[in-house]
Each structure stands twice: as structure tokens, then as C-alpha cells.
Amino acid sequence: MKTVETEVGAILAGTISAITQRSIFNRLGGLAARPLQQLTTQDRLAIMAELESSVRLFARRNSAELIASCARVLGAAGEPAAGGDGADQGASEKRLAIDQEKDIATARLEAWSEAVRIGLSKFTSVKVATAVSELARNIVFYAGKGVVELRSLRDDRGPSLQIVASDKGPGIEPRKLEEIWAGTYKSQRGMGKGLVAVKKLVDDFHLDTGPGRGTTVTCLFRGER
Amino acid sequence: MDWPERGAVPQGPDSAFPAGEDRVKDESLPIIQIRNCLLVSIQTELHDRLALGLQESLMERVRSADAKGVILDVSAVEVIDSYITRILNDIGKSVRFMGAECYIVGIRPAVAMTLIEMGVELDSVHTALNLDLALEKLELLQS
């Protein structure tokens, strides 16, 4: 029988030692032995919350991939049983506060697992993580703090992920913005390439900025057509 | 000439290669010396301070160890954005100023494709598929 422990264990095998896995499953309590078909949405959220922190802690490599694989196994198995519970279809939203350098790493990890979870390809997921990395870095460097929101959508064209990075920082002056798009701008840190890079990566890009207005970047990644 | 161990990158304090004083500093990446090459395996987030520290200690070590090459292993790095690219280019440039060559090894396929799409260049460093090939190329340089 496929239980949380057998299926998640199969994913973690080879990366996380059996002893460590044991302690992770112990922390899940009764949920570990539960068959996948019997999981409720709430169960899945509780399991993923626990797995996300433990896997990140114990897996030296590929933790985002592992977490995403776990989410897939748990989510895919639970969906048909959940029936009328629409929480997993439609849209879902994640809000990540960015106010120090280490939040950049957290944000791109979150973005990656979210991208993989909603079914974007491995390559697109790396692009998502890279774009979020650029945007979060801009927030930390230029505004000090801000927010990155991840909104996943699913329509008949497939999954897509919207990223909104906003801050109440100094904003970008129109003249500077022209230089940025022309590729001639060089900031003190020698950057100024982040926004250009993001624009090239995404399927849809919108920038709202100006002195005193802060900066909001809205962009969209679509699944493969 | 064949190398004692092919493929595997020695990591961390258990490494057979002494990392020396570089490990003592609280937040710094261990620099491993193999013959006259310096090897750094990047396993963590390369933030500002860490990157600058790495650049500095690499240059020191290039001088004291008379190193001909520096190899940065990024196979564990899942995302390389324009900022990290700049750091790698900077390290490449400074190493080149010292007369050594810098190799980046283990860039993942998805990372490489993302860098191409973003239009950023890794032009101040050499690249190699893996550590083995980088060592081979460096050996050719030395003869």
C-alpha cells in the first residue's frame, strides 16, 4: 500500500540517510503511515510544512527538487479523493517578505518549488527561480525591503506563475530607466542588468516605477504550450 | 600524469586535503589545493561578503601557493543570476591579473540555458564540464 512514508521515503532515499528519514517521519506522527488516498488537504499542508523545513535542513543538495517531488507525490494522489474541495485547482498565492540578503535565497527556493509544484518544466522552474533572485536582489540592494508575491494560475492553456515584486523604495528615475533598457546603465555595484535579464526571461513583463512611488515589477511565466 | 582520485571533489573538514587557515575564519569557503591548482566548491549562497572574502583569500593563496589555476565548482549551485555571474567574472579577472587561470566547472544545463536567455556573459573565466576536464586543460596550459 502506498503510504506517506513509503512514497516520500522513496524520494528521499539516496539523499537523506535512513536514520534521518526515521526522525522526519517520527515528527509527522500518525500521518506518516496514512495511505496517500486518505489524505485531506489539511493533512497534505501539514506534511509539506514539516517536509519543507526538514528536507531543507538535511538535504545537502537539490532540496528544492526533493521538496517539489514530495509535493507532487502527495498532491497528485490526494486530488481525486478531495473532490469538491477546490483549494488546489484555481489560484494560489504566496507572499514572501524580503528585507535582508538571506531572504533572496529563500525567495528563489520558494519560487522554484512553487513552479515545479504547479507543473512548470524543470527548465522553466530554474528561469522562475533566477528571475525571483534578480528581483529580490534589486529589492535588497536598492529599496532595503519589499515583498515578492507568487501567484499560480491554472486555466485551459495550462499552468502559469505570476511574480509581483514590489517595494516602497526610491523608485527609478525616467532617465535612469532609459539607460537601463539601453544597456548603458551601470550602478555602483556594477549591476543594472537585473531588470534587463528578467525581462528577457519572462513571457510578460510590466514595470511601474518613478521617484517617490517605489517600484513594482509584475511578470508572468507560462507553462509550455 | 594521472590524478590520485578522479571525479569526486573532496569537501569539508573531512577532506584529505588540508584547507589550512581558510577554514578558521567563521564564514569562508574552504580552498583546497591540488598540486598547483586551487579548488573551491561552492555549496552555499554566494552573498556579498562571502564573495569578496573568497576573492581576497583566493588571490592570497594564488600567490602563496604559486598556483597556476583556480577552479570553482558550481555543480551544487541551482541558480546563477546576473549578480553571481558578475562575482564569478570578477574572480576570474583578479585571478588572471595574478597570472593564473580561472575555471568554472559543473554549470547545470538549465542554468546555462537561463544565462543565455538573460544575455549575460561569463567571459572572464574558462568553463569545463567537470573538475577532471578542468584539471586536464590546466595541465595542458602548464606544459
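Apart from neighbours within four places in sequence, A:Val128 is in contact with A:Ala111, A:Trp112, A:Ala115, A:Leu120, A:Leu161 and A:Phe221; two residues are in contact if their C-beta atoms, placed from the backbone, lie within 7 Å. The model is predicted: local features need pLDDT of at least 70 and side-chain atom pairs count only at pLDDT 80 or more, while totals for chains, interfaces and linings use all residues. Residues are numbered from 1 along each chain as its sequence is written, and chains are lettered from A and ligands numbered from 1 in the order in which they are written.

A:Val128 is one of the residues with the most contacts inside the largest nonpolar core, together with A:Val132, A:Leu135, A:Ala136, A:Val148, B:Val70 and B:Leu72. This core has 94 residues. The largest share of the core, nine residues, comes from helix H6 of chain A. At least three residues are drawn from each of domain 1 (4-82) and domain 2 (90-222) of chain A; the domain bounds come from an automatic or database domain assignment. A nonpolar core is a set of buried Ala, Val, Leu, Ile, Met, Phe, Trp, Tyr and Cys residues joined through C-beta atoms within 7 Å. A residue is buried if 20 or more other C-beta atoms lie within 10 Å of its own, exposed if 12 or fewer, and partly exposed in between, with C-beta atoms placed from the backbone. Helices (H or I, at least four residues) and strands (E, at least two) are DSSP runs, numbered from the N terminus.

Chain A holds an open sheet of five strands in the order E1-E2-E3-E5-E4, with antiparallel pairing; two strands pair if DSSP finds at least two bridges between them. Strand E1 (92-98) and E4 of chain A are the edge strands, each pairing on one side only. Neighbouring strands are turned by 10° against each other on average, direction ignored. Axes are lines fitted to C-alpha atoms, for helices over the stretch in contact, and angles run from 0 to 180 degrees between N-to-C directions. Strand E3 (residues 158-167) of chain A is joined to E5(A) by eight bridges, and the two run antiparallel. A:Gln162 has A:Leu220 in E5(A) as its bridge partner. H5(A) packs on this sheet and touches E1, strand E2 (146-155) and E3 of chain A, with a direction at about 170° to that of E1(A). H6(A) lies across E1, E2, E3 and E5 of chain A and runs at about 10° to E3(A).

Chain B has four helices and five strands, in the pattern β-β-α-β-α-β-α-β-α along the sequence. Of its 143 residues, 40% count as buried. Among contacts in chain B with a separation of 6 or more, 70% are between residues 24 or more positions apart. An open sheet of five strands in chain B has the order E1-E2-E3-E4-E5 and mixed pairing. Its edge strands, each pairing on one side only, are strand E1 (31-34) and strand E5 (126-128) of chain B. Neighbouring strands here are turned by 25° against each other on average, direction ignored.

E1(B) and E2(B) pair in the antiparallel sense over four bridges, and B:Ile32 stands opposite B:Leu39 in E2(B). Two residues lie between the strands of this hairpin, in which B:Arg35 takes a positive phi near 50°. Strands E3 (residues 69-73) and E4 (residues 101-105) of chain B run parallel and are joined by five bridges. B:Asp73 is opposite B:Val105 in E4(B). Helix H1 (residues 48-65) of chain B packs on the sheet, touching E1, strand E2 (37-41) and E3 of chain B, and its direction makes about 155° with that of E2(B). H2(B) lies across E3 and E4 of chain B at about 150° to E4(B).

The contact between the chains takes 21 residues from chain A and 18 residues from chain B. On the side of chain A that touches chain B, helix H5 (101-117), H6 and H8 of chain A are the elements giving two or more residues. H6(A) gives the most, with nine residues. By class, this side has eight nonpolar, four polar and nine charged residues; Ala, Val, Leu, Ile, Met, Phe, Trp, Tyr, Cys and Pro count as nonpolar, Asp, Glu, Lys and Arg as charged, and the others, Gly among them, as polar. Helix H8 (residues 194-201) of chain A is mostly covered, with six of its eight residues buried. The buried residues of H8(A) pack against elements of both chains, including helix H6 (122-143) of chain A and helix H2 (82-97) of chain B.
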